[in-house]
Amino acid sequence: GTLLDHSGTGSFGIRSNNGINFSCSTSAGETAMQIIKNHSVRLYQNNTSDASSVLRFETSGIGATVYGQLDTTQLTVSGVSTFTGAIDANGSLDVDGHTELDNVNVAGVTTFKDDVQFHGVAGITSISFDKSDNSLKFIDNAIAKFGSDGGLQIYHTGSSSFIQQTT
């Protein structure tokens with residue numbers, strides 16, 4: 001094979017006015033990398049017997065795009081990240097700070113180590129667990145229902161308290 005080897009003290013450069021293409025076949029049909037003037041750098045992958053290449057990585061004016069699957073053993077992201085589609089986390093997830101989740105389905109044990117708030121129809125906290133005095137608190141007219149049909153109800157209107165059987 002042919003090897004380009006530079007061991008001098010100065011830099012080694014390849015220059016083109018129109019971009020540079022690197023290919024991986026004798027027919028020059030399998031593109032491996034393209035350096036496109038005033039545009040991007042593209043990396044391709046080919047593991048088939050035909051001469052087609054699949055774009056896998058491309059730089060842009062705002063960063064880079066990975067096409068296909070990205071496998072990494074550790075990923076650190078700073079700043080805001082937006083994900084579209086499903087995210088499948090097969091391990092522990094440690095979130096520090098405030099987190100807003102639109103729809104949560106928990107299969108397994110859930111542990112809360114601080115106050116917990118439950119918001120009612122009006123968007124205000126209707127029920128809360130207060131860690132400081134180890135109590136479950138209901139605002140006026142929030143009803144605790146017991147039984148499969150909710151037949152036993154306990155609530156407070158602000159001036160009166162009720163324990164009633166409704167079925």
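Colleague: What makes β9 and β10 a pair of strands?

Modeller: In this predicted model, β9 and strand β10 (residues 152-156) are joined in the antiparallel sense over three bridges; two strands pair if DSSP finds at least two bridges between them, where strands are DSSP runs of E with at least two residues, numbered from the N terminus. One of the bridges links A144 to its partner I154 in β10.

Colleague: Why is β11 described as lying largely in the open?

Modeller: Buried means under 20% relative accessible area, exposed over 50% and partly exposed in between, with a 1.4 Å probe and protein chains only; of the five residues of β11, zero are buried, so the strand lies largely in the open. β11 is joined to β10 by five bridges and runs antiparallel to it, with I163 in β11 as the bridge partner of I154.

Colleague: Why does Q34 count as buried?

Modeller: Q34, which sits in strand β2 (residues 31-35), has 16% relative accessibility and therefore counts as buried.

Colleague: What makes the link between the side chains of Q34 and Y44 a polar contact?

Modeller: The term requires a pair of N or O atoms within 3.5 Å, within protein one able to donate a hydrogen and the other to accept it, and residues adjacent in sequence count only if both atoms are side-chain atoms; the side chains of Q34 and Y44 are joined at 2.6 Å.

Colleague: How do you know which values to rely on?

Modeller: Local features need pLDDT of at least 70 and side-chain atom pairs count only at pLDDT 80 or more, whereas totals for chains, interfaces and linings use all residues. Residues are numbered from 1 along each chain as its sequence is written, and side-chain values use heavy atoms, leaving out hydrogens and water.

How values were computed
Helix = DSSP H or I, 4+ residues; strand = E, 2+ residues; numbered from the N terminus.
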